[in-house]
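I opened this model to look up its sheet, its nonpolar cores and its aromatic contacts. My entries follow the order in which I looked.

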Amino acid sequence: MRRALELAQLGAGRVSPNPMVGAVLVGPDGGTLAEGWHGEWGGPHAEAAAIAAALAAGADLSDATLHVTLEPCSHHGKTPPCADLVIETGIRRVVASMEDPNPAVSGAGFARLREAGVDLTVGVLESEARRLNEAWLHHLSTGRPLVTLKLALSLDGRIATRTGDSRWVTSTEARQLVHRWRAESDAVLVGAGTARADDPRLTARGEASAGARQPLRIVLDRAGALPGLLKLFGVADAARTVAFVAEGARPEYAATLESAGGRVVPVPERAGHLDLVEVLNVLGAGVGMPESGRVVQSVLVEAGPGLATALLTADLVDRLLAFVAPRLVGGDGIPAVGELGVDLMADALALVESSWEIVGQDALLRGYLRPCSRVA
């Protein structure tokens, strides 16, 4: 099953809004007959890919065991039901990590397998499978995308010097990893301050992005005042840019961006700022997106202290990715996060899970502010 989870990860950035799924067919002697994974949205599912590879190699599947990270589907979508394919192929045993919480499946695939006499085991490495597809599960549960806050800070918690210089806080290896995260995310989001100060492209570049779909680029520009010359609004990529503005923002701003294929989406304000909950609701519903019907299940936030603080204060951050660089900037540098109103250490925001790893010269903290979503 661990191998199936590794295979599933190969679909990151390519299969959304579908979940990532991997499958391994094992013979009666324990040897691997074939492997498969869901490689692109609309393409063959993992089970179908593994079965096709096994049959092409002339394998006998009558005594095979299918290890799959998610319940085989039981409905006709862009592909035929995988549960039916398993039964037709004569596979006698299926080992799955978790039930599919999608109402279109939700145990029906398992029921079909049991009715056909297939030996079924469910729950193997379930927590790992849930973390793998946490964005998909979170979207099913809440209707909003999973929000990952990315920070790059010095050892004393600064993201820039007192002059605002931030290039570069972290190592080349860390920045390469960020490009991979972008490639695996449905959208990358920044505030107007970051867009103006850093003029980022917010595209996924390098080897990690090969074959992946570029993320939507989201900017929160309450006043609709960002200059059109920013890289975010470049003609070549503007079809993938969405600017959220306050209702009543400059109409010429919308005309400029939309003429290049982008979108301007007005949302209500709350306490003088864009309503962040409404922004996430709109992204999760796919309203106003450049591609019709495209929903956003995962958002990578590359924010300055203002937006980071607002998201944390509103309890809208689900996952934290923080690089800590071996540098000291000093107290007059710009902090990564602003005031959170914490008086007692016992009331500080605490991560429910966390782990550290070394990336180049930096330490990377991977943490979660809430348990992995579960859909009833």
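Below are my notes, sheet first.

**Ground rules.** I am working on a predicted model, where local features need pLDDT of at least 70, side-chain atom pairs count only at pLDDT 80 or more, and totals for chains, interfaces and linings use all residues. Residues are numbered from 1 along each chain as its sequence is written, and side-chain values use heavy atoms, with hydrogens and water left out.

**Sheet.** I looked up the strand order. Nine strands make an open, mixed sheet: S11-S10-S9-S8-S14-S6-S15-S18-S17. Two strands pair if DSSP finds at least two bridges between them. Which strands stand at the edges? They are S11 (263-267) and S17 (353-359); each has a single partner strand, so one side of each lacks a neighbour in the sheet. On average, neighbouring strands are turned by 20° against each other, direction ignored.

I then checked S10 (residues 241-246). Five bridges join S10 to S11, and the two run parallel. Phe-244 stands opposite Val-265 in S11. Helix H9 (residues 251-259) lies across S10 and S11, at about 145° to S11. Helix H10 (residues 276-285) lies across S6, S9, S10, S11 and S14, at about 135° to S11. Axes are lines fitted to C-alpha atoms, for helices over the stretch in contact; angles run from 0 to 180 degrees between N-to-C directions.

**Cores.** A nonpolar core is a set of buried Ala, Val, Leu, Ile, Met, Phe, Trp, Tyr and Cys residues joined through side-chain atoms within 4.5 Å. Buried means under 20% relative accessible area (1.4 Å probe, protein chains only). The largest core has 38 residues, and Phe-244 and Leu-283 are among those touching the most other members. H10 supplies the largest share, five residues. I listed contacts (heavy atoms within 4.5 Å) for Leu-283. Beyond four places in sequence, they include Ile-218, Phe-244 and Met-289. A second, separate core of 33 residues includes Leu-61 and Trp-136.

**Rings.** How many aromatic pairs are there? I found one, taking ring centres within 6.5 Å, with the six-membered ring for Trp. Trp-181 and Phe-323 are stacked (planes under 30 degrees apart), at 5.4 Å centre to centre and 20° between the planes. Trp-181 is in helix H7 and Phe-323 in strand S15, 142 residues apart. Both are buried.

Key
Rings of Phe, Tyr and Trp (its six-membered ring) pair if their centres lie within 6.5 Å; planes under 30 degrees apart count as stacked, over 60 as edge-to-face and the rest as tilted. Helices (H or I, at least four residues) and strands (E, at least two) are DSSP runs, numbered from the N terminus. Buried means under 20% relative accessible area, exposed over 50%, partly exposed in between (1.4 Å probe, protein chains only).
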